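Visitor: Hi, could you walk me through this model?

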Amino acid sequence: MSKINLFKSIAKGVVTGSDIHCLYAIVKANNCAIPAVNVSSSSTLNAALAAAKSAKMPIIIQFSNGGAAAFIGKNSGLSSIDASIEGAIAGAKYVHQVAKSYDVHVVLHTDHANRKLLPWIDGLLDASEKHFAETGKSLFSSHMIDLSEEPLEENIEICKTY
């Protein structure tokens, strides 16, 4: 089977829900890898999408807290956390809008949120619920909570909450 046809059962654009499990199963069964690219602007995002289109393979688009703040710009006047929330929301909506135009599968992900960044994840989860109510689709495919610096029991309890 050619790589062009590997992912034909999954709709192009941001991949969420059961389709994400299907995508990872296909990747695993075919010994593929999906590159993850942190983006901080529409230019870096477009370049990543163009690379995925050229390779005819899925891509993981990641927003870090800082990259999300950069996406909205330094002069927004928002607090650091609010800039990161609004930047990630704007970037995610941009990805939803343009990914199908690039004809690619995108896993939309947040990168390494430690304890102090949990309010950022909270804001994105709230935005995702609103987006789901409006569109029937989650805003993000996944979020990464990194509590590796916390005691194991606390790490597990916080992760269970999320």
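Guide: Helices here are DSSP runs of H or I with at least four residues, and strands are E runs of at least two, numbered from the N terminus. By that rule, A127 is found in helix α6. This is a predicted model, so local features need pLDDT of at least 70 and side-chain atom pairs pLDDT 80 or more, while totals for chains, interfaces and linings use all residues. Residues are numbered from 1 along each chain as its sequence is written, and side-chain values use heavy atoms, without hydrogens or water.

Visitor: Is A127 buried or exposed?

Guide: A127 counts as buried because its relative accessibility is 17% (buried is under 20% relative accessible area, exposed over 50%, partly exposed in between, with a 1.4 Å probe and protein chains only).

Visitor: And what does A127 touch?

Guide: Setting aside residues up to four places away in sequence, A127 touches I89 and L139 (contact means heavy atoms within 4.5 Å). A127 also lies 9.4 Å from E86, C-alpha to C-alpha, although 41 residues separate the two in sequence.

Visitor: What about S128, buried or exposed?

Guide: S128, also found in helix α6, is buried, with a relative accessible area of 8%.

Visitor: Which side chain does the S128 side chain join in a polar contact?

Guide: That of S138, at 2.9 Å (a polar contact is a pair of N or O atoms within 3.5 Å; within protein, one must be able to donate a hydrogen and the other to accept it, and residues adjacent in sequence count only if both atoms are side-chain atoms). Beyond its neighbours within four places in sequence, S128 is in contact with S138, L139 and F140.

Visitor: New topic: how do α5 and α6 cross?

Guide: The axes of α5 and helix α6 (residues 118-135) cross at roughly 40 degrees and come within 9 Å. Axes are lines fitted to C-alpha atoms, for helices over the stretch in contact, with angles from 0 to 180 degrees between N-to-C directions. The two helices are therefore oblique to each other (under 35 degrees is roughly parallel, over 145 roughly antiparallel, 65 to 115 roughly perpendicular, the rest oblique).

Visitor: Which residues meet there, between α5 and α6?

Guide: From α5, they are I81, S84, I85, A88, I89, K93 and H96, which meet P119, W120, G123, L124, A127 and H131 in α6.

Visitor: Tell me about S84. What is it in contact with?

Guide: S84 sits in helix α5 and counts as buried, at 0% relative accessibility. Apart from neighbours within four places in sequence, S84 is in contact with N65, A68, A69 and W120. A polar atom of the S84 side chain lies 3.0 Å from the backbone oxygen of N65.

Visitor: How do the axes of α4 and α5 cross?

Guide: They come within 7 Å and cross at roughly 75 degrees, α4 being residues 65-72. That makes α4 roughly perpendicular to α5. On the α4 side, N65, A68, A69, F71 and I72 make the contact, and the α5 residues include S84, A88 and Y94.

Visitor: Last one: at what angle do α3 and α5 pack?

Guide: About 30 degrees, with the axes of α3 (residues 42-55) and α5 (residues 80-102) 11 Å apart. The pair are therefore roughly parallel. Among the α3 residues meeting α5 are L45, L49 and K53, and among their α5 partners are G91, Y94 and V98.
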